[in-house]
Amino acid sequence: MITQDQLPMVLVPSMNDTHLEDMLLINKLDKVSKEGNVKVIKEVLQELLDHTTIHFTDEEKLMKEARFPAFTEHKSEHDRHLHELKALMKYFDTNRDPGAIIAYVKGGLTPWMTHHVKTMDTEMAVFLKV
């Protein structure tokens, strides 16, 4: 679970909007995982993957257009995160363990997102606004 006050704001409003959408999806995933309906959890995981893929594609386009110097490192972190999310989905497909999703949201996804926004996305937004 993530709250809006935990989510750092950056200098690019559209990025903040996307991060708020991320937050809502993360909270939705947390909620449905605690309810334990495997079918609904799979649907929300797919929704999160689809949203995250679009989010990262849009960000990477902005970085390329602006010739952001840390593009390679930033994209690499996006790729790593997408790989992790896909691996989690595969694990869930096999094991149908809502507890694994709850643990991922709390111990992996939420801390990763807040850290990524606070560091990489903040740096990128400052560069784009200069």
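**Helix packing**

Lys-28 forms a salt bridge with Glu-47, and their closest N and O atoms are 2.9 Å apart. A salt bridge here is a side-chain nitrogen of Lys or Arg within 4 Å of a carboxyl oxygen of Asp or Glu. The pair links distant parts of the chain: Lys-28 sits in helix α1 and Glu-47 in helix α2 (residues 38–66), 19 residues apart. The structure holds ten salt bridges.

This is a predicted model, in which local features need pLDDT of at least 70, side-chain atom pairs count only at pLDDT 80 or more, and totals for chains, interfaces and linings use all residues. Residues are numbered from 1 along each chain as its sequence is written, and side-chain values use heavy atoms, with hydrogens and water left out.

Helices (H or I, at least four residues) are DSSP runs, numbered from the N terminus. Two packed helices are described by the angle between their axes and the distance between the axes. Axes are lines fitted to C-alpha atoms, for helices over the stretch in contact, and angles run from 0 to 180 degrees between N-to-C directions.

Start with α1 and helix α4 (residues 98–129). They pack at about 170 degrees, with axes 9 Å apart. α1 and α4 are therefore roughly antiparallel, a term for angles over 145 degrees. Contact means heavy atoms within 4.5 Å. On the α1 side, the contact residues include Met-15, Ile-26 and Leu-29; on the α4 side, they include Ile-101, Val-105 and Met-113. This contact divides into 13 nonpolar, three polar and four charged residues. Ala, Val, Leu, Ile, Met, Phe, Trp, Tyr, Cys and Pro count as nonpolar, Asp, Glu, Lys and Arg as charged, and the others, Gly among them, as polar.

Next come helix α3 (residues 71–95) and α4. Their axes come within 12 Å and cross at roughly 170 degrees. α3 and α4 are therefore roughly antiparallel too. Among the residues that meet are His-74, Leu-85 and Phe-92 in α3, and Tyr-104, Trp-112 and Met-120 in α4. By class, this contact has twelve nonpolar, four polar and five charged residues.

Last, α2 and α3. They pack at about 170 degrees, with axes 11 Å apart. α2 and α3 are therefore roughly antiparallel. Their contact has 13 nonpolar, six polar and seven charged residues.

Definitions and conventions:
Helix = DSSP H or I, 4+ residues; strand = E, 2+ residues; numbered from the N terminus. Parallel < 35°, antiparallel > 145°, perpendicular 65-115°, else oblique.
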